[in-house]
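Colleague: Could you walk me through this structure? I'd like to start with the overall picture and then go inside.

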Amino acid sequence: MINSIAFIPDGNRRYAKVANISLAESYMIGTQKAWDVVNWLSKYPSISAATFYTFSIKNFERSKLELSILMTIFEKQLDNALESPLFDENSISLKFIGRKEMFPQKLQGKMALVEEKTAKYKSKQINLALGYDGQTEIVDAAQKFALDVQLGKAKPEDLSTSNFGKYLYSDFLAPDLIVRTSSEKRLSGFLTYQSSYSELAFLDKYWPELTQTDVEKLIDDFNLRDRRYGK
């Protein structure tokens, strides 16, 4: 059974063009879709972790107009998260993984409030990758470990694949399945360390077009796969 799932919600900008709507409208639809997916996943007791590639480090290179739209949406959704009963009703913690310091101070503060509000829940975790890049995460983790060695808290030979996770942005269950929408077939730096044995699924739909039936079929198909882990 699937225990951890991750999504690359791609295609919001292309959807805006084909649907003849503004970029802001498309992003709002895409944001609501993420809330929908979290609700859809709640019917699967085995799923304890879900991770969304929300905003990469490279996304900071987009136009000032698009960044302004996205930051406004992020702030509104953080306010929604603080007020939503979803996390309390389903005992879900919300984590933000990535270089959060790259975001405006106001957003950083709200991220901290959301994490603090939901920190008591341990059984289920939603991760939002913001200011994220998989290679950067590994470099940042290596620097944290190097600092521990320098401070005498660890020895070089102590590092292993079993304990490296505690130096990553968040130590959660590696994804069994990574889903990317918009028909693109690449991971784009998403969960580079954690995805070593993840199954992959690529949908020929833009993220705002994703349906509950799509998610259910993806999970059903995954549960039929024979995962051998190189054996």
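This is a predicted model: local features need pLDDT of at least 70, side-chain atom pairs count only at pLDDT 80 or more; totals for chains, interfaces and linings use all residues.

Colleague: How many helices and strands does the protein have?

Modeller: The protein has 7 helices and 6 strands, and if you follow the elements from the N terminus on, they run β-α-α-β-α-α-β-α-β-α-β-β-α. The radius of gyration is 18 Å, close to the 17 Å that the globule rule gives for 231 residues, so the protein is as compact as a globular protein of that length.

Colleague: And what does the C-alpha trace span along its principal axes?

Modeller: About 60 × 45 × 35 Å.

Colleague: OK, going inside: what share of the residues count as buried?

Modeller: Of the 231 residues, 46% count as buried. In soluble globular proteins, nonpolar side chains tend to be buried together. Here the largest nonpolar core has 43 residues, and Ile5 and Leu41 touch the most other members. Helix 3, residues 64-83, gives the largest share of this core, with 8 residues.

Colleague: Which residues is Ile5 in contact with, leaving aside its neighbours within four places in sequence?

Modeller: Ile5 is in contact with Leu41, Ile47, Ala49, Ala50, Thr51, Leu177, Val179 and Ile219.

Colleague: Changing topic, how far apart are the mean positions of the positive and negative charges?

Modeller: The protein has 31 positive and 30 negative charges, and their mean positions are 2 Å apart.

Colleague: And the accessible surface, how much of it belongs to carbon and sulfur atoms?

Modeller: The accessible surface comes to about 12,200 Å², and 52% of it belongs to carbon and sulfur atoms.

Definitions and conventions. Residues are numbered from 1 along each chain as its sequence is written. Side-chain values use heavy atoms; hydrogens and water are left out. Helices (H or I, at least four residues) and strands (E, at least two) are DSSP runs, numbered from the N terminus. The radius of gyration is taken over C-alpha atoms; the globule rule is 2.2 Å times the number of residues to the power 0.38. Buried means under 20% relative accessible area, exposed over 50%, partly exposed in between (1.4 Å probe, protein chains only). Accessible areas come from the Shrake-Rupley method with a 1.4 Å probe; for residues, only the protein chains shown count as cover. Lys and Arg count as positive and Asp and Glu as negative; His and the chain ends are not counted. The place of a charge is taken as NZ of Lys, CZ of Arg, CG of Asp or CD of Glu. A nonpolar core is a set of buried Ala, Val, Leu, Ile, Met, Phe, Trp, Tyr and Cys residues joined through side-chain atoms within 4.5 Å. Contact means heavy atoms within 4.5 Å.
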